[in-house]
Amino acid sequence: MDKKYTNFFPKAQFTFPIDSVKSISVNYARSISRPNYSSLSQGSTYINPYFLYTRNINLGPTIINEISTTFQYHDKSVKLSYTNAKDPVYNSFSFDDQNNIMTFKDINFDKSSAFTADFTLPFTYKFWTTTNSLIFILEKIEDHSAAFMASKPYFYYTSNNEFKLPKDYSLVLNFWGLTKQYTGVFTTNPRFILDMAVSKTFYKKWNCTLSCNNIFKNNIETEEFTINTINSKARYVVDNHLISIAIKYSFGKVKETEFRERNNDENQNRVN
């Protein structure tokens, strides 16, 4: 890999107001994502006598270029963007036929690119406040060591909902999901996660909240790919089911929250 230690990260943003409630903005940003210390360590772990998990001290940074345009109408927005990444980091397998050992580690792939269309729609109706986002994604990952498959569009959706109930009760339902992903190299299963919380306010300053994450316990993620002539069908189990109780006391006066215009420049103040 070409080790360049001096890079430039230009950013530009132009906003064109149409009237008092509508505007169009155009953004360009170049950023860097560096591997963390643990990813660069030389530690290795034997999962079994024939399967080795190892870090990669030779991992390089990922350089990301993004250009986007956003149409904003009040608090609603539509964002179109194109992202190109050089040397992105993904999982890889290699096989040592002399020692009969399979090695699993992260490597820098050649490149990746993605087109996205992001629709954000918040609104309030009586006792219901919700913010919804639907993102259409077409992503392509490429590497000379991987078997390339056709990329297909997939959807990511998220919805945050709060219901104001009588007697100072409130109910919060948050859910997000992904359709099946075909990204050129990887095929990943669809996901759906639902979180719920119920809260009650006492004497205006005390608040008690009962929360439950991942109600349906959708903890399994599957991933399929072929790298270095090795076909992988991985199954990851993540234990993120949690039930918690929180008690909060507010000092002073509690002000009503107000909507603030969404910042669509996700790369602002970011050089990772």
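## Lys76 and the salt bridges

Lys76 has a relative accessible area of 30% and therefore counts as partly exposed, a class that lies between buried (under 20% relative accessible area) and exposed (over 50%), as judged with a 1.4 Å probe and protein chains only. Asp75 forms a salt bridge with Lys76, and the closest N and O atoms of this pair are 3.3 Å apart. A salt bridge here is a side-chain nitrogen of Lys or Arg within 4 Å of a carboxyl oxygen of Asp or Glu, and by this rule the count comes to six salt bridges. This is a predicted model, in which local features need pLDDT of at least 70 and side-chain atom pairs count only at pLDDT 80 or more, whereas totals for chains, interfaces and linings use all residues. Residues are numbered from 1 along each chain as its sequence is written, and side-chain values use heavy atoms, with hydrogens and water left out.

Another of these salt bridges is formed by Lys79 and Glu66, whose closest N and O atoms are 4.0 Å apart. This pair links distant parts of the chain, with Lys79 in strand S6 (residues 76-86) and Glu66 in strand S5 (residues 62-73), 13 residues apart; strands are DSSP runs (E, at least two residues), numbered from the N terminus. Both Lys79 and Glu66 are buried. The side chains of Lys164 and Glu162 also meet in a salt bridge, at 3.2 Å from N to O; Lys164 is exposed, with a relative accessible area of 53%, whereas Glu162 is partly exposed at 29%.

Strands of a sheet pair through backbone hydrogen bonds, either parallel or antiparallel. Two strands are taken to pair if DSSP finds at least two bridges between them. Strand S13 (residues 169-178) runs antiparallel to S16 and is joined to S16 by ten bridges, with Ile193 in S16 as the bridge partner of Trp176. S16 is joined in turn to S17 by seven bridges, again antiparallel, and in this pairing Thr201 has Asn207 of S17 as its bridge partner. S16 and S17 form a hairpin with three residues between them, and Tyr203 in the turn has a positive phi of about 55°.

Strand S17 (residues 206-213) is also joined to S20, by eight bridges in the antiparallel sense, with Ala246 in S20 as the bridge partner of Thr209. Of the eight residues of strand S20 (residues 242-249), the number buried is zero, so S20 lies largely in the open.

## A nonpolar surface patch

Phe202, Tyr203, Trp206, Leu210, Ile243, Ile245, Ile247, Tyr249 and Phe251 form a nonpolar patch on the surface, with about 1,100 Å² of accessible area together. Patches are made of residues with over 30% relative accessible area and no salt bridge, like charges being joined within 9 Å and nonpolar side chains (Val, Leu, Ile, Met, Phe, Trp, Tyr) within 5 Å; accessible areas come from the Shrake-Rupley method with a 1.4 Å probe, and for residues only the protein chains shown count as cover.

S17 and S20 each supply at least two residues of the nonpolar patch, and S20 gives the most, with four residues. Phe202 belongs to strand S16 (residues 191-202) and counts as partly exposed at 36% relative accessibility.

## The five-stranded sheet

An open sheet of five strands has the order S11-S14-S15-S18-S19, with antiparallel pairing. Strand S11 (151-152) and strand S19 (230-237) stand at the edges, each with a single partner strand, so one side of each is left without a neighbour in the sheet. S11 pairs with strand S14 (residues 181-183) over two bridges in the antiparallel sense, and Lys152 stands opposite Tyr182 in S14.
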